[in-house]
Amino acid sequence: MISVEHVSKQFNGKLSVDEISFQANEKEILVLLGTSGCGKTTTLKMINRLIEPDSGEVLIDGKNILLQKPEQLRRTIGFVMQHGGLFPHYTVAQNIAVVPDLQKSEKAITRQRTEELIHKLHLPEDILNRFPHQLSGGQQQRVGIARALIANPPILLMDEPFGALDNITKTDIHSEFKSLDELKNKTTILVTHDVQEAFELGHRVCLMDKGRIVQIGTPQEIIYHPKNDFVKGFFAQNRLLLEYKITNLKDLEQFTDVPALPGSDIHITADSSVWTALQHYSSEAKYAESYERLMQAFTTYRKQIS
């Protein structure tokens with residue numbers, strides 16, 4: 001578990017982070033969300049000591065990170081940055097193996113683990129001998145994720161990891177990222193300014209503004225119980241779409257019985273979002289009745305929960 005306690009940071013006399021406190025729990029993805037300049041990236045970088053706090057404490061499993069050497073701390077933390085942050089003169093295989101090589105891991109084990117990760121991230125095996133400039137943006141981000149995960153660190157920090165990608169590529173990577181077994185036992189903190197990304201990936205969302213935390217909670221708590229007008233306004237433009245995405249079919253069970261899609265390439269389950277189900281129900285005319293029934297149930301649900 002990561003605890004940030006009353007942490008502040010100034011640059012040139014101006015507060016970037018203003019005495020914030022929060023916890024990132026084990027096995028959860030906590031998203032730091034906000035506009036540019038709100039302090040979210042500074043907060044993230046203080047957790048692995050790329051930036052040192054002026055005051056307050058950052059604790060990992062109850063231990064103050066300032067009592068550890070930065071290089072030792074960082075070997076226990078996977079870090080993914082925007083644009084991948086790959087070494088241009090290293091091949092993909094060499095980029096992924098940076099941390100295992102520093103730890104003097106066996107080459108055969110590193111190679112096996114590398115192949116497992118690129119398969120899970122839907123990368124072709126022949127990519128391992130290429131250099132970063134020979135990859136697409138989406139491929140570079142996947143390689144960056146593989147590099148952060150290969151040593152199986154207990155903590156994963158991600159700074160706008162998908163920010164430079166187009167929406168189609170971003171959707172694909174989100175799906176691959178969420179399905180990774182490697183995430184299930186990690187504490188992950190992800191920084192983004194993308195509201196949809198925050199709600200799709202985060203178990204909890206920490207909304208920041210002007211160096212302070214405005215509200216922290218699950219996507220449902222933030223949407224349906226905003227703390228103030230700032231929170232309400234921040235999500236107003238995307239609210240309906242976000243509601244579709246954070247509501248699962250099991251949330252609507254008391255209002256309707258929505259059948260599974262026979263023969264669908266993607267099986268619809270009780271844990272599927274309303275958004276996912278509607279996309280599939282709208283794909284063919286024979287599902288029109290299911291589409292209408294689901295829309296009616298969702299409308300009733302919204303009225304009751306809002």
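Is N64 buried or exposed in this structure? With a relative accessibility of 16%, N64 counts as buried, where buried means under 20% relative accessible area, exposed means over 50%, and partly exposed covers what lies in between (1.4 Å probe, protein chains only).

## Basis of the description

This is a predicted model, in which local features need pLDDT of at least 70 and side-chain atom pairs count only at pLDDT 80 or more, while totals for chains, interfaces and linings use all residues. Residues are numbered from 1 along each chain as its sequence is written, and side-chain values use heavy atoms, with hydrogens and water left out.

Six strands make up an open sheet with mixed pairing, in the order 6-7-8-3-9-10. Strands (E, at least two residues) and helices (H or I, at least four) are DSSP runs numbered from the N terminus, and two strands pair if DSSP finds at least two bridges between them. At the edges stand strand 6 (77-81) and strand 10 (212-217), and because each has a single partner strand, one side of each is left without a neighbour in the sheet. On average, neighbouring strands of this sheet are turned by 15 degrees against each other, direction ignored; axes here are lines fitted to C-alpha atoms, for helices over the stretch in contact, and angles run from 0 to 180 degrees between N-to-C directions.

Strand 8 (residues 187-192) pairs in the parallel sense with strand 7 (residues 155-159) over five bridges, and five bridges also join strand 8 to strand 3 (residues 29-33), again running parallel. Six of the six residues of strand 8 are buried, so the strand is largely enclosed by the rest of the structure. Both of its faces are covered, with T187, I189 and V191 buried on one side and T188, L190 and T192 buried on the other.

## Helix 6 against the sheet

Helix 6 (residues 137-149) lies across strand 6 and strand 7, and its direction is at about 170 degrees to that of strand 6. Of its 13 residues, 11 are buried, so helix 6 is largely enclosed by the rest of the structure; among the buried ones are G138, V143, I145 and L149.

Within it, strand 1 (residues 2-11) and strand 4 (residues 55-60) run antiparallel and are joined by five bridges, and S3 has L59 as its bridge partner in strand 4.

N64, the residue of the opening question, is in strand 5 (residues 63-64). Leaving aside neighbours within four places in sequence, N64 is in contact (heavy atoms within 4.5 Å) with E57, V58 and L59. The side chain of N64 also reaches the backbone nitrogen of L66 at 2.9 Å.

## Cysteines and a helix 12 residue

A disulfide is a pair of cysteine sulfur atoms within 2.5 Å, and by this rule the count comes to zero disulfides. The sulfur of C38 has its closest cysteine sulfur in C206, at 8.8 Å, which is too far for a bond. C38 counts as buried because its relative accessibility is 2%, and C206, at 0%, counts as buried too.

Q279 is placed in helix 12 (residues 274-281), where its relative accessibility of 44% means that Q279 counts as partly exposed. From C-alpha to C-alpha, Q279 and A151 are 37 Å apart in space, and they are 128 residues apart in sequence.

Technical notes: A polar contact is a pair of N or O atoms within 3.5 Å; within protein, one must be able to donate a hydrogen and the other to accept it, and residues adjacent in sequence count only if both atoms are side-chain atoms.
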